[in-house]
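This report describes selected features of the structure shown below. It covers the surface, the packing of helices and the backbone geometry.

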Amino acid sequence: MKKCYITFLSLLSILVLSWFLPWLYSIIFPVGANDPFVAWSPVNNSFIITETADGGGNIHGIDNASRYTKEERDSLLPQIYYTQLAAREKMPDSIKGYEITIPVFKHSQWVFTSSPRDINKVNAKVYLMMESMPERFELEDPDVVFRVNGNNDVEFIDILSNKTDLGKTRRFNDIFNRNGFKFPIKSASANVTTRKQYDEGYLLADNSGKLYHLKMQAGRPSMVKIDAPDSIIAEHVFIMENADNRHLGLVIDSQNNLYAVEKERHNLVNLPVGKIDPENQKFSIVKNLFNWVVKINEEDGVRWIALDSDNYSVLGEYYRQYPESPILRAASFIFPFQLSFTSVYDCVAKPRFSDFSANAIFLNIILAAAIIVIYRRRNKKFIAINAVTVLIFGIFAFIPLLIINEQ
């Protein structure tokens, strides 16, 4: 009985230490990469890079040869620093044929971000439906939700009474059927809030990867099937409701290509930024009157791609590789693996073993030899079991085996 207790306590200690020691190491020796702020200048047609690690004082171009003061940076990026230019009366009258005013800049800019946690989180399959044409001018909180039932059709439920709204259920099912929507819903995106200028309802991808735009107007359904080649199979959709009202949203297909949905014709436009895996990569878009700057975080670095706002052509690309961290390098020689319960990629709490390192075998051998020396007076079976345990689990087993000593 005593042996079972000691074995259980040792295994439990190994599990706890495999979580606690790497966590403590990361607290004592924090590691974090500060990405610079990168923007495309419509004045000199190049990237302007502001290093954030030093407080934003180091401003340069891609080649690191061109250096700029903050005042020069403001003039090169008027679409971003227009308030500073206006305060100093340095605002240009026009750029690239565009008449420049502060309202024009504000109306044409927006920011979009997506992280793996947003994509991979588990959502209830109940969708709030806002009224896009309310009786009064202001948007109102939704009073109905819809869900997909087992018969592969939608059911609308009144939030206040929690009863099925038969009228809306019938009308919406009719429009889903007429447009050939294939259930279940693969991806759905809506911005359910009254803190916006207008409501565009839902951008939907059905089970076959076809795209649809769904709204409720005056209590009645409105659905448009978005034109796209059969080769494009939508996987992830993102609704956008921006002041410029030009784009309906973004789409990523099964090949990890990025598209924009133009609102006027409900058509897809390919954005030539390379592959994006939203389930494992964070990406963002900063759009202004002249260009889009797409930032994609990869495993070993960051990519920035600047696109023309009018025709989406590539203006420039910039890549920065993360330097190898000596702190992480040292950790690989200390810890054979790590146990964690959370992840930056999802919102699920569960045990995860990661960062397996062959470099830790050197320390494991030394610790196993130390166990043999410490317990040299014990029987050979006891020494062999403990030495092999330390050889496999390293420092996570060495510490409890020193403390939990079978008498």
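## Nonpolar surface

In this predicted model, the residues F8, L12, V16, W19, F20, W23, L24, I27, I28, F29 and F341 make a nonpolar surface patch of about 1000 Å². One of these residues, L24, belongs to helix α1, which spans residues 2-28. L24 counts as partly exposed because its relative accessibility is 31%, and partly exposed residues fall between the 20% limit for buried and the 50% limit for exposed.

## Helix packing

Helix α8 (residues 361-374) and helix α10 (residues 395-403) have axes that come within 10 Å and cross at roughly 20°. Helix α8 is therefore roughly parallel to α10, as angles under 35 degrees are classed in this way. The crossing in which α8 passes α10 is left-handed.

## Backbone geometry in loops

Most peptide bonds are trans, and most residues other than glycine have a negative phi. The following sites concern these two properties.

The peptide bond joining F183 and P184 is cis, with omega about 0°. P184 is located in the loop between α6 (166-178) and β11 (187-189).

N45, although not a glycine, has a positive phi of about 55°. Its place is the loop between β1 (37-41) and β2 (46-50). With a relative accessible area of 42%, N45 is partly exposed.

N162 is likewise not a glycine and has a positive phi, of about 60°. This residue is found in the loop between β10 (154-158) and α6. N162 counts as exposed because its relative accessibility is 62%, and the class of exposed residues begins over 50%.

Key
Residues are numbered from 1 along each chain as its sequence is written. This is a predicted model: local features need pLDDT of at least 70, side-chain atom pairs count only at pLDDT 80 or more; totals for chains, interfaces and linings use all residues. Side-chain values use heavy atoms; hydrogens and water are left out. Patches are made of residues with over 30% relative accessible area and no salt bridge: like charges are joined within 9 Å, nonpolar side chains (Val, Leu, Ile, Met, Phe, Trp, Tyr) within 5 Å. Accessible areas come from the Shrake-Rupley method with a 1.4 Å probe; for residues, only the protein chains shown count as cover. A salt bridge is a side-chain nitrogen of Lys or Arg within 4 Å of a carboxyl oxygen of Asp or Glu. Helices (H or I, at least four residues) and strands (E, at least two) are DSSP runs, numbered from the N terminus. Buried means under 20% relative accessible area, exposed over 50%, partly exposed in between (1.4 Å probe, protein chains only). Axes are lines fitted to C-alpha atoms, for helices over the stretch in contact, and angles run from 0 to 180 degrees between N-to-C directions. Angles under 35 degrees count as roughly parallel, over 145 as roughly antiparallel, 65 to 115 as roughly perpendicular and the rest as oblique. A crossing is left-handed if the near helix is turned anticlockwise from the far one by less than a right angle, and right-handed if clockwise.
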